[in-house]
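Here are my notes on the model you sent.

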Amino acid sequence: NGSQFFIITADSSDSRLSSLNGQYTIIGEITSGKEVVDVINNSSVNNATSVAPSPLEPIIFQNITIYIR
């Protein structure tokens with residue numbers, strides 16, 4: 001559907017995140033499966049052709065659960 005979201009893996013005290021403060025809404029957190037996030041974070045990317053690196057292989061979520069509080 002064209003939606004996108006970002007999973008931030010840096011510690012919240014990381015100075016590189018300061019530009020995000022007040023610019024984006026936090027909509028959730030990873031409560032389980034953090035090892036999957038690590039695999040995604042460490043996947044090979046193509047840095048040569050774009051401003052934002054993109055994965056060399058597509059990353060597809062097969063299952064996601066959203067809990068509403």
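1. Ile-27 counts as exposed because its relative accessibility is 76%, and the threshold for that class is over 50%. Please keep in mind throughout that this is a predicted model. Ile-27 sits in the segment before α1, the helix spanning 34–41.

2. Which residues make up the nonpolar surface patch? Ile-27 is one of them, together with Phe-5, Ile-7, Ile-30, Ile-59, Phe-61, Ile-64, Ile-66 and Ile-68. The patch covers about 980 Å².

3. Ile-26 is also placed in the segment before α1. With a relative accessible area of 76%, Ile-26 is exposed; the cut-off is again over 50%. Between the C-alpha atoms of Ile-26 and Ile-7 the distance is 9.8 Å, for a sequence separation of 19 residues.

4. Is Ile-7 buried, partly exposed or exposed? Ile-7 is partly exposed, because its relative accessibility is 35% and that class lies between under 20% and over 50%. Like the residues discussed above, Ile-7 belongs to the segment before α1. Its C-alpha atom is 8.4 Å from that of Glu-29, a residue 22 positions away along the chain. Ile-7 is also among the residues of the nonpolar patch.

5. The largest pocket holds about 2700 Å³ of space. Its lining consists of 46 residues, and those nearest the centre are Phe-5, Phe-6, Ile-7, Ile-8 and Ile-30. Of these, Phe-5, Ile-7 and Ile-30 are named in the nonpolar patch too.

6. What classes of residue line the largest pocket? The lining has 23 nonpolar residues, 17 polar ones and 6 charged ones.

7. Two elements, α1 and β2 (54–55), each give at least two residues to the lining of the largest pocket. The largest share comes from α1, with 6 residues.

8. As for the chain overall, the protein contains 1 helix and 2 strands. Read from the N terminus, the order of elements is α-β-β.

9. How much of the protein counts as buried? The figure is 3% of its 69 residues, where buried stands for under 20% relative accessible area. The accessible surface amounts to about 6900 Å², and carbon and sulfur atoms account for 52% of that area.

Key
Residues are numbered from 1 along each chain as its sequence is written. This is a predicted model: local features need pLDDT of at least 70, side-chain atom pairs count only at pLDDT 80 or more; totals for chains, interfaces and linings use all residues. Side-chain values use heavy atoms; hydrogens and water are left out. Patches are made of residues with over 30% relative accessible area and no salt bridge: like charges are joined within 9 Å, nonpolar side chains (Val, Leu, Ile, Met, Phe, Trp, Tyr) within 5 Å. Accessible areas come from the Shrake-Rupley method with a 1.4 Å probe; for residues, only the protein chains shown count as cover. A salt bridge is a side-chain nitrogen of Lys or Arg within 4 Å of a carboxyl oxygen of Asp or Glu. Helices (H or I, at least four residues) and strands (E, at least two) are DSSP runs, numbered from the N terminus. Buried means under 20% relative accessible area, exposed over 50%, partly exposed in between (1.4 Å probe, protein chains only). On a 1 Å grid over the protein atoms alone, a cavity is a set of points where a 1.4 Å probe fits but cannot get out, and a pocket is an open set with protein on both sides within 12 Å along at least five of seven lines; lining residues have an atom within 4 Å of a point. Grid points are joined across faces, edges and corners, and a volume is the space filled by probe spheres set on the points. Ala, Val, Leu, Ile, Met, Phe, Trp, Tyr, Cys and Pro count as nonpolar, Asp, Glu, Lys and Arg as charged, and the others, Gly among them, as polar.
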